[in-house]
Amino acid sequence: MFSSKVFSELGLKLGLDVMGSETHGMSQRGGSVIAHLKLGKFQSPVIRTGTADILYSFEENETYRALKFLRRGGVCFVNLEDPGRFDPKVLNHLKKSGVTFRSFDASGAALRIGSIMSTNIVLIGYSVGTGLVPFKHEDLRNVLESVSQKKNLEINLKAFEIGVREGKP
Amino acid sequence: MGNVAIARGIVEAGCHVVTSYPGTPSSEIIPAVVQFKKELGLNTYIEWSANEKVAFDNALAASLTGKRAAVAMKQVGLNVASDSLMSSAYTGVIGGMVIISCDDPGPLSSQTEQDSRFFAMFAKVPVYDPSTPQEAKEMVKEAFALSEEYQIPVILRPTIKVSHAKQSVKTSPVKVIDRQADFKKDPERWAATPRYRFVLHKKLNEALKNIQEKFEGDSRWNYEVGNSRDVPLGIITCSVSFVALLDILEELHLKKAIDILKIGTPFPLPQKRVAEFIERHKNVLVIEETDSVIESQIIDKSKVLGRLTGHIPLQGDLTPDVIYDILASVLKELGIADLDVSGDGKLYQLIESLDIHARRPTLCAGCPERAAFFAIKKALPKAIYSSDIGCYTLGLNLKAVDTVLDMGAGITLASGFYHAYHQDKNDIPIVATMGDSTFFHSGTASLLSAVYNNARFILVILDNEITAMTGMQPTPGLGITADGSEGKKIYLEELIKACGVKWIETIDPYDVQNLIKLLKEARKYTQKSDGGIAVIVARHPCLIRYPDVCGENPVRVEITSDCDGCRYCVDYFECPALYLSEEKDRVEIDRNFCVDCGVCIHACPKGAIVPVEK
């Protein structure tokens with residue numbers, strides 16, 4: 001949910017209309033959470049299957065379920081402890097659909113700086129580092145500074161920069 | 001967020017009194033009103049009431065004094081408040097009174113998918129049906145004005161995809177309306193006897209007719225999108241289905257082929273506008289969620305396709321994917337267009353073949369409710385377990401929950417089970433579980449009725465000192481009110497005693513062994529000739545709300561080589577911090593989740609979970 005907040009703020013900062021929705025009925029008790037976000041001229045807060053440009057996924061099984069939202073030629077960033085474990089048939093199919101699939105052990109990196117909760121920010125940083133997303137390093141950094149709680153700011157920025165570094169080709 | 005926009009509408013309308021009982025997807029409205037009150041220095045009275053009917057009546061009374069009042073709840077909450085709703089439609093209101101009832105098609109976090117707009121029809125009050133957060137905010141303000149103009153309570157029905165939607169919302173200045181409470185006595189109205197009720201009903205029907213007339217001429221909430229000439233299909237739609245449809249038509253470049261009539265006031269339905277729209281189109285499709293409120297009201301349905309003709313699913317929410325599929329099949333049926341099949345079939349097949357288990361919600365690591373359920377299951381494995389609405393519904397996973405009906409039914413069903421068996425001279429153990437907030441909501445009438453009628457069962461009140469499931473709202477037991485100011489604390493044990501219960505014990509459920517003992521004693525008490533209902537208050541604060549409490553006396557555990565990977569703890573204790581390592585074929589502790597509660601020591605039949613030697 002924090003990730004969705006980061007991108008919403010980014011959209012507002014860039015002067016884009018922001019729409020989105022979150023399903024979090026039982027999320028705090030371990031149910032799945034999906035946040036949809038649309039930046040630009042849209043009417044509906046929900047994304048239709050096969051139309052999303054970018055997918056961020058923080059958990060392997062959730063990735064399989066959320067892949068359907070990506071459009072042909074879309075790009076996804078997946079937090080995977082062991083990138084070799086992702087199903088090769090699915091990977092192959094994604095390749096045929098022109099989907100760029102990038103996985104990275106964001107949890108591991110977050111754990112190394114003592115903050116598993118920062119996994120999402122590491123992965124966002126990673127995506128910026130790859131240059132595959134139209135978000136600027138500086139803009140996202142500024143957004144993180146404005147939306148982070150004071151006590152988390154330092155660790156969030158650290159997580160972000162680690163991600164960016166790891167994402168660079 | 002939609003609920004914040006609704007809260008903003010409430011303060012922009014100059015509302016004086018706001019009440020609620022928490023429930024997804026409505027829970028964020030009150031905290032947002034509190035926030036606006038603090039930021040803007042308003043004098044708004046805000047309360048978390050003990051239940052939705054209490055909230056409704058408090059708001060209504062404010063309206064009777066001439067003030068503006070709002071009450072917010074989830075859709076099943078309106079069932080609880082329905083007695084007041086039905087009657088207040090007849091008596092009417094003075095100051096604007098707006099009822100916000102948030103629907104949960106899907107359902108994502110509710111017992112039913114009921115459509116609150118039917119409640120508006122049933123009670124005969126007008127209802128606004130917003131499509132976006134921005135519209136919800138504007139509708140709240142209009143609802144206050146309409147309510148005051150016609151002296152009638154008005155419902156706003158946002159669905160979860162409006163309440164939880166994000167949108168950049170334009171705000172307007174906050175209105176401060178200076179009104180002193182001034183209740184004007186009028187017993188023929190406020191205390192109407194049946195003879196006067198007939199008169200009031202007649203007046204209500206007249207008001208509704210006038211409101212319908214007003215809605216006919218309204219173009220702010222009821223309007224058309226499209227060019228309206230020689231178009232083969234017209235769609236009548238509302239709520240979030242409307243905006244989903246707009247995005248789909250844009251994406252498919254079908255805007256010119258389809259006209260839309262957007263309805264924001266589904267009851268009373270602007271019949272003339274609808275009839276005129278239908279008249280102009282060869283075919284008409286009605287897409288609305290959750291149920292067929294608009295469609296049912298249409299008088300001449302000969303050209304209408306919808307839920308009643310089998311073109312729209314009877315259950316579930318209308319996601320953009322579902323709407324796309326509806327559109328594709330209707331356009332094909334009518335020979336208008338042949339759309340591509342939605343989604344990537346090959347991908348679905350591949351994912352399906354992976355056989356991924358759905359993530360099921362579970363109680364948090366260290367949750368005191370897990371400890372209580374584990375003890376209940378150990379002490380009385382053959383009991384009937386009637387439970388209730390809250391986090392502890394997840395006791396299902398521990399097989400310690402057999403029934404979940406509605407708020408308060410943990411006790412009432414236990415009482416009913418007892419009498420049904422007792423009638424046949426059968427004595428069976430029955431354990432009811434209920435949270436503290438639910439007990440305050442609707443436990444007392446249930447409990448005192450059960451005591452009065454000689455029922456016998458064990459009630460375990462899982463007191464975590466907060467309304468946890470819906471996002472940590474304070475309870476009467478906490479003694480803190482909605483805006484953080486001090487209220488009077490209600491003591492559970494005193495309340496239980498006042499219901500006539502003679503056997504009450506309080507224990508920390510982390511003390512599993514003693515809780516098991518206590519449950520066995522309680523069972524004996526229910527069987528004694530002079531026994532009755534036994535109540536155990538299992539009190540331990542919620543770990544999400546009070547994370548420091550557990551940190552005070554940590555019991556760090558480890559798993560010894562005695563673990564043979566039997567899975568008992570994983571399957572029957574189900575703590576997220578315990579998992580079976582496939583490589584080692586034994587259970588391991590995930591320290592990212594473990595909170596050092598030490599309760600799992602009791603969960604291992606082999607004694608392989610032990611405290612770490614200090």
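Colleague: Let's start at the spot where the chains meet. Which residue of S7(B) stands opposite A:Gly20?

Modeller: A:Gly20 stands opposite B:Lys166 there. Keep in mind that this is a predicted model.

Colleague: What makes S1(A) and S7(B) a pair of strands?

Modeller: Two strands pair if DSSP finds at least two bridges between them. S1(A) and strand S7 of chain B, residues 165-167, have 3 bridges, so they count as a pair. Their sense is antiparallel.

Colleague: How many residues does each chain bring to the contact?

Modeller: Chain A brings 35 residues and chain B brings 39. To count as in contact, two residues need C-beta atoms within 7 Å.

Colleague: And which elements of chain A supply at least two residues each to the side that touches chain B?

Modeller: They are helix H1 (2-13), strand S1 (18-23), helix H2 (60-66) and helix H3 (88-96). S1(A) gives the most, with 6 residues.

Colleague: What kinds of residue does that side of chain A have, by class?

Modeller: It has 11 nonpolar, 16 polar and 8 charged residues. Gly goes with the polar ones in this scheme.

Colleague: Now chain A as a whole. What pattern does it follow along the sequence?

Modeller: Chain A reads α-β-β-β-α-β-α-β-α-α-α-α. That goes with its 7 helices and 5 strands.

Colleague: Why is chain A called as compact as a globular protein of its length?

Modeller: Set the value against the rule. The globule rule gives 15 Å for 169 residues, and the radius of gyration of chain A is 15 Å, so chain A is as compact as a globular protein of that length. If you'd like its spans, the C-alpha trace covers about 45 × 40 × 35 Å along its principal axes.

Colleague: How much of chain A counts as buried, and what makes a residue buried?

Modeller: The cut-off is 20 or more other C-beta atoms within 10 Å of the residue's own. Of the 169 residues of chain A, 41% count as buried.

Colleague: Over to chain B. How is it divided into domains?

Modeller: Domain 1 runs over 2-217, domain 2 over 223-333, domain 3 over 368-547 and domain 4 over 554-611.

Colleague: How do you know that domain 1 and domain 3 of chain B touch?

Modeller: By the 7 Å cut-off between C-beta atoms, 16 residues of domain 1 are in contact with 14 residues of domain 3. On the domain 1 side, helix H2 (29-40), strand S2 (45-48) and helix H4 (75-80) of chain B each supply at least two residues. That side divides into 9 nonpolar, 5 polar and 2 charged residues. The centres of these two domains, taken over C-alpha atoms, are separated by 33 Å.

Conventions: Residues numbered from 1 in each chain as written. Chains lettered and ligands numbered in written order. Predicted model: local features only at pLDDT ≥ 70, side-chain atom pairs only at ≥ 80, totals over all residues. Helix = DSSP H or I, 4+ residues; strand = E, 2+ residues; numbered from the N terminus. Domains from an automatic or database assignment. Rg over C-alpha atoms; globule rule 2.2 N^0.38 Å. Buried ≥ 20, exposed ≤ 12 C-beta atoms within 10 Å, placed from the backbone.
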